[in-house]
2 protein chains.
Amino acid sequence: MPSSRKLTIYDLASLAGTSASTVSAVLNGTWKKRRISKASAEAIQKIAEEAGYLHNMQARGLRKHRSGLIGMIIPLHDNRFFSSISQVFEREARARDFWPIVVSTLRDPEMEISTARTLMSYRIEYLLVTGATDPDGIGSVCDAAGVRHVNLDLPGRTAPSIISDNYQGAYDLANAVYDRIFAETGEKAPWVPFLGGRAQDHATARRIEGFSDAARDRGMPLYPEQIEARGYAPELAEATIRKLYETHGKLPSGLFINSTIAFEGVIRFFRTLPRNELHTLVVGCYDWDPFATLVDFPLIMVRQDVEKLVTGAFSLIDAGDFSAREPILVQPQLVTDLGGYDRRDA
Amino acid sequence: MPSSRKLTIYDLASLAGTSASTVSAVLNGTWKKRRISKASAEAIQKIAEEAGYLHNMQARGLRKHRSGLIGMIIPLHDNRFFSSISQVFEREARARDFWPIVVSTLRDPEMEISTARTLMSYRIEYLLVTGATDPDGIGSVCDAAGVRHVNLDLPGRTAPSIISDNYQGAYDLANAVYDRIFAETGEKAPWVPFLGGRAQDHATARRIEGFSDAARDRGMPLYPEQIEARGYAPELAEATIRKLYETHGKLPSGLFINSTIAFEGVIRFFRTLPRNELHTLVVGCYDWDPFATLVDFPLIMVRQDVEKLVTGAFSLIDAGDFSAREPILVQPQLVTDLGGYDRRDA
DNA sequence: AGCGTTAGCACAATCGATTGCGCAAAACTT
DNA sequence: AAGTTTTGCGCAATCGATTGTGCTAACGCT
């Protein structure tokens with residue numbers, strides 16, 4: 001049972017026979033400025049190390065008005081896109097001597113706000129708002145507390161936003177799907193439903209536009225029931241594709257799937273089908289996952305540029321420039337030639 | 001440019017015409033105990049809300065010796081297993097009114113220690129040590145600071161550990177792979193290399209034992225070069241499988257892949273092969289990923305019980321019992337009938 | 001009226017680190 | 001030797017919230 005009594009600079013001071021202010025100066029590196037002798041400094045550092053002293057960041061932060069914390073909220077951890085963002089966020093935060101705190105808010109607007117408030121009560125110095133349902137709601141809470149913030153992945157109007165070029169990505173993805181279907185089957189106006197996401201969200205809305213314009217530019221008609229974007233849950237996508245299959249008695253020629261999360265639901269349904277049913281299918285998926293690349297049908301994915309998204313946010317922080325209001329677009333990358341072993345060798 | 005001056009209880013006190021201690025009592029809920037009138041309480045709450053007051057957790061934590069923080073270190077975010085753990089960890093922490101901080105340490109022992117130290121300088125109240133390379137090194141740092149901690153996924157000797165039953169999981173997985181190969185091809189003693197992980201790590205060591213015993217129990221010989229466990233990087237697995245392929249001129253009959261991370265590397269290599277090369281392959285993978293389920297060859301995966309692992313750790317915390325030294329085993333689940341559409345319908 | 005209770009709140013110390021200021025001794029100057 | 005400068009460090013206030021203690025006014029009772 002280790003003692004929970006923690007060492008303070010006062011303990012070190014009495015161990016070293018000096019004052020607490022000297023210890024403080026030595027341990028935070030200001031001792032040269034404060035004209036502490038090298039001998040004292042080294043003695044104190046040695047004692048601190050041997051005693052296993054740890055700074056109390058609460059006391060330090062309280063006094064200095066700087067916590068050293070930087071926060072990020074994300075919709076969920078359990079997803080390749082967002083967890084990659086966390087990974088890069090951590091790296092960039094540490095490179096700047098910040099301590100990263102990442103929390104998920106499950107796309108719940110209330111949770112987003114309350115999470116932001118809690119983070120601010122721990123006195124985070126910046127906040128990255130990633131994929132938030134209500135970026136401006138969070139923004140106003142941050143502004144009220146004077147916390148600088150940047151939106152990521154979904155744009156807001158009250159702070160700078162770094163987002164993927166969803167329109168262009170979706171436009172290119174849709175075209176790639178149509179091209180591939182034409183190459184496979186010769187169909188010129190195939191039935192390709194749009195699946196997943198939430199039509200109210202900016203990203204999904206832009207992707208729907210890109211998707212729709214791709215069809216229109218090819219002179220293809222668009223039907224309202226072609227677009228199913230009522231939510232992110234895998235279950236919704238699973239139910240939708242099942243219903244499509246049951247209604248039409250077969251799969252569509254292609255699918256435009258709006259996220260790997262929806263794709264998970266689609267895959268659950270696919271696993272209930274006999275394999276040959278998948279042979280006439282081409283799938284496009286907005287977002288990338290390494291394991292999806294080996295599926296048994298032609299697949300085209302959009303890989304968002306996580307590095308540029310996150311480092312873009314940090315360069316705004318570095319520059320201290322939070323004035324941008326027009327979203328800064330980052331181009332995603334189209335990844336073709338995935339899946340579909342069958343026809344590639346046939 | 002919002003003012004960075006933050007509201008304090010003193011500001012609220014002068015707004016309300018009371019003392020700071022009254023404000024404090026009202027805002028932290030102890031006002032009934034302190035016999036503050038309901039009228040004052042409500043007035044102060046109203047003022048605090050309208051002014052957008054946020055608690056300063058640094059000051060509160062300093063005074064109360066409780067930060068309300070609970071930390072967890074994980075090897076990396078960008079992985080289905082660990083990000084699921086983060087997700088459950090967050091949920092459980094919040095359910096206990098703790099604020100979760102998750103950081104990755106990239107399997108670097110030095111980073112593990114320094115990360116633990118930094119977390120403790122923010123005065124986290126508990127630490128979950130997940131998948132650490134050096135759990136006992138972290139343990140001694142925690143003990144020195146009097147911070148209770150639990151090991152997850154990899155066991156230590158200085159604190160309770162909750163881990164998967166890696167031996168049994170690997171034993172079952174190996175047997176399932178052998179059975180499946182026999183069902184597919186009739187081979188009784190197929191060549192099945194073990195790929196990925198680090199042989200020094202406890203989890204990998206136990207899995208190698210399970211894998212080896214499964215072979216021995218079937219009267220199969222074991223060759224030293226059958227086991228390749230020099231690291232986690234996808235690139236290592238990719239190079240290994242490529243070399244195996246080039247040496248033998250074909251793929252092995254089966255693969256025992258020790259993590260989805262290694263599996264990613266294997267898949268990169270597979271994508272360079274013509275599809276029919278995969279037709280004689282059975283893969284077992286320790287760990288689960290939803291997208292891997294649709295690959296083009298028979299696949300058996302081990303799905304670890306993330307829920308039980310994390311909630312198991314929390315029940316130790318709830319009970320305040322940090323005495324256990326024998327690892328607590330959680331049974332993983334074998335997921336069969338994945339992938340391999342070809343032969344399923346053929 | 002006089003006394004004990006209770007209600008309602010304020011005072012001031014405290015948590016641990018930081019920092020402006022000041023002071024004594026040593027070193028240097030002329 | 002007296003004055004000036006430098007060296008080396010300690011004092012005490014401060015950050016914002018919590019909490020043990022104490023004080024005053026109102027109330028109840030006889």
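Is Asp337(B) buried, partly exposed or exposed? At 48% relative accessibility, Asp337(B) counts as partly exposed, where buried means under 20% relative accessible area, exposed over 50% and partly exposed in between, with a 1.4 Å probe and protein chains only. Before going on, the ground rules. This is a predicted model, in which local features need pLDDT of at least 70 and side-chain atom pairs count only at pLDDT 80 or more, while totals for chains, interfaces and linings use all residues. Residues are numbered from 1 along each chain as its sequence is written, chains are lettered from A and ligands numbered from 1 in the order in which they are written, and side-chain values use heavy atoms, with hydrogens and water left out.

Back to Asp337(B). Its phi is near 60°, a positive value in a residue other than glycine. Asp337(B) sits in strand E14 (residues 333-339) of chain B; helices (H or I, at least four residues) and strands (E, at least two) are DSSP runs, numbered from the N terminus. Chain A has an example too: Leu106(A), with phi near 55°, again positive in a residue other than glycine. Leu106(A) is found in the loop between strand E2 (99-104) and H6 of chain A.

Next, salt bridges. A salt bridge is a side-chain nitrogen of Lys or Arg within 4 Å of a carboxyl oxygen of Asp or Glu. By that rule there are 40 salt bridges over all chains.

Arg66(A) and Glu125(A) form one, at 2.9 Å from N to O. Arg66(A) is in the loop between helix H4 (57-64) and strand E1 (69-74) of chain A, and Glu125(A) in the loop between helix H6 (109-121) and strand E3 (126-130) of chain A, so the pair ties together parts that are 59 residues apart in sequence. Arg66(A) is partly exposed at 45% relative accessibility, whereas Glu125(A) is buried at 16%.

The second pair is Arg157(A) with Glu326(A), whose closest N and O atoms are 3.3 Å apart. Here the link runs from the loop between strand E4 (148-152) and strand E5 (161-164) of chain A, which holds Arg157(A), to the loop between helix H12 (306-319) and strand E13 (328-330) of chain A, which holds Glu326(A), 169 residues apart. Arg157(A) is exposed, with a relative accessible area of 52%, and Glu326(A) is exposed at 57%.

Asp179(B) is partly exposed at 43%, and Arg218(B) is partly exposed at 33%. There is also a network: Arg91(A), Glu92(A), Arg96(A), Glu307(A) and Asp318(A) are joined by salt bridges that share partners.

Now helix packing. Two packed helices are described by the angle between their axes and the distance between the axes. Axes are lines fitted to C-alpha atoms, for helices over the stretch in contact, and angles run from 0 to 180 degrees between N-to-C directions.

Within chain A, the axes of helix H2 (residues 20-27) and helix H3 (residues 38-51) come within 9 Å and cross at roughly 85°. That makes H2(A) roughly perpendicular to H3(A); angles under 35 degrees count as roughly parallel, over 145 as roughly antiparallel, 65 to 115 as roughly perpendicular and the rest as oblique. Thr22(A), Val23(A), Val26(A) and Leu27(A) of H2(A) meet Ala41(A), Ile44(A), Gln45(A) and Ala48(A) of H3(A), contact meaning heavy atoms within 4.5 Å.

Between the chains, the axes of H4(A) and helix H4 (residues 57-64) of chain B come within 8 Å and cross at roughly 135°. H4(A) and H4(B) are therefore oblique to each other. On the H4(A) side the contact is made by Met57(A), Gln58(A), Ala59(A), Gly61(A) and Leu62(A), and on the H4(B) side by Met57(B), Gln58(B), Ala59(B), Gly61(B) and Leu62(B).

Last, Glu238(B), in helix H10 (residues 234-248) of chain B. Glu238(B) is buried, with a relative accessible area of 15%. Leaving aside neighbours within four places in sequence, Glu238(B) is in contact with Gly265(B), Val266(B), Arg268(B) and Phe269(B).
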